[in-house]
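Colleague: I've got the model open and I'd like to learn how to read it feature by feature. Can you take me through some examples?

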Amino acid sequence: MASKPNKPKHVDCRSFRSRENTNEPLSELATVEKGYQLFEKKQYAEVIKSLEEMVKKPVQTETRKDAGRLYVNALEKEIERLYENGLYRELIDLYKSRETMIKDVIDPVILLFTAGAYGHIGLYQDAVAAYKQIKPYDLGRKEKGDLYEGLVACYMADDDTVSAVQILEKIEKEGLEFHDAQRLNLIQAKIYREQGREKDAFQLYNAVVSSKGMLADNEIAEAYLNMGIILKNRRDYTGARTALAGSIDLAMKNESDLYTLRPAYKELGDVFNME
């Protein structure tokens, strides 16, 4: 998340008047000081509004540099606030209207919020473009997972499984949080199965079910379900029964998980009929 800006030492405008050879306007000093007060009160939109004119001025005094840093921090905090409140269109409007001013200095984590906002409203190609602006080496382990999950999800939603697979096969999952790596394995396995690559899919599903406790029960249940189907196709009915029973046991913990429970029961019935 965007960190709180480092506030410079409080400037006393009265003592400033006694300084010699200075071109710092007292009105700008007062504006910046007011901006910090608004920031402390979490009134980020007001900070942005109050500093807008100052940060656009071409001559960079120390006061204006302070204003620029505060302005960027306020923008980052406001973008974060809008994202957390589900105000995705407002977030995009805010970012796009200031993009040229902040694109070289914005925290890459904040760009994740912007890309995510595009994805949430169905603008998948814009989301992909935003994700691609982010350099993975600028992110921590958790944020890298957010980057790859978001990027792959947008490719999938835009029916671009080729690009999704390219990303999934390229990334170094060892550099991610373990649960994020397993969630990406689950997505990759699903694509492989749809492509008829059942052997590759099974290996990934097996890695997922071996990570018990790292993913939600419904995610593990889905992996067991697909393992059961693959084993059924191989005519390994004993293995299929075991996998499908595991899926049902986990899905039963959440009775609303009919997405997994119904097909698991159906597949299990098919297995009994085939034996």
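Colleague: Is Arg235 buried or exposed?

Modeller: Buried means under 20% relative accessible area, exposed means over 50%, and partly exposed is in between (1.4 Å probe, protein chains only). Arg235 comes out at 67%, so it counts as exposed. Before we go on: this is a predicted model, where local features need pLDDT of at least 70 and side-chain atom pairs count only at pLDDT 80 or more, while totals for chains, interfaces and linings use all residues. Residues are numbered from 1 along each chain as its sequence is written, and side-chain values use heavy atoms, with hydrogens and water left out.

Colleague: Where does Arg235 lie?

Modeller: Look in the loop between α12 and α13 (237–252). Helices here are DSSP runs of H or I with at least four residues, strands are runs of E with at least two, and both are numbered from the N terminus. Arg235 also has a positive phi of about 65°, although it is not a glycine. Asp159 is another non-glycine with a positive phi, of about 60°. Asp159 lies in the loop between α8 and α9 (161–170) and is exposed because its relative accessible area is 71%.

Colleague: How many helices and strands does the chain have?

Modeller: There are 14 helices and 0 strands. Of the 275 residues, 46% count as buried. For contacts, the test is heavy atoms within 4.5 Å. Among contacts with a separation of 6 or more, 55% join residues 24 or more positions apart.

Colleague: How do I check a helix such as α13, and why does its span agree with 22 Å?

Modeller: The expected span is 1.5 Å times one less than the number of residues. For α13, with 16 residues, that gives 22 Å, and the end C-alpha atoms are 22 Å apart, so the two agree. Its buried residues include Tyr237, Leu244, Ile248 and Leu250, and the buried residues of α13 pack against α12 and α14 (258–274).

Colleague: Which residues are buried in α3?

Modeller: Tyr44, Val47, Ile48, Leu51, Glu52, Met54 and Val55. Helix α3 covers residues 44–55 and reaches 15 Å from its first C-alpha to its last, close to the 16 Å expected. The helices its buried residues pack against are α2 (26–40), α4 (62–84) and α5 (88–102).

Colleague: And aromatic rings: how many aromatic pairs are there?

Modeller: A pair of aromatic rings is described by the distance of the centres and the angle of the planes. Rings of Phe, Tyr and Trp (its six-membered ring) pair if their centres lie within 6.5 Å; planes under 30 degrees apart are stacked, over 60 edge-to-face, and the rest tilted. The count here comes to 3. In one of them, Phe39 and Tyr44 sit edge-to-face, 5.1 Å centre to centre with 65° between the planes. Phe39 is buried, at 5% relative accessibility, and Tyr44 is buried too, at 9%. Tyr83 and Tyr88 also pair edge-to-face, at 5.5 Å and 65°. Tyr83, Tyr88 and Phe113 form one aromatic cluster.

Colleague: Which residue lies over the face of Tyr192?

Modeller: That's Arg197, at 3.8 Å from the ring centre. The rule asks for NZ of Lys or CZ of Arg within 6 Å of the ring centre and within 35 degrees of the ring normal. Arg234 lies over the face of Phe202 in this sense, at 4.7 Å from the ring centre.

Colleague: Which residues does Asn226 contact, leaving aside neighbours within four places in sequence?

Modeller: Arg193 and Tyr205. Asn226 belongs to α12 and is buried, with a relative accessible area of 8%. Asn226 and Tyr205 are 21 residues apart in sequence, yet 7.7 Å apart in space, C-alpha to C-alpha. Asn218 and Leu250 are 32 residues apart in sequence and 6.7 Å apart in space, C-alpha to C-alpha.

Colleague: Last one: which residues lie nearest the centre of the largest pocket?

Modeller: Tyr83, Leu112, Gly116, Tyr131 and Asp146, from a lining of 16 residues. A pocket is an open set of points on a 1 Å grid over the protein atoms alone, where a 1.4 Å probe fits, with protein on both sides within 12 Å along at least five of seven lines; lining residues have an atom within 4 Å of a point. Helices α6 (108–120), α7 (124–132) and α8 (141–157) each supply at least two lining residues.
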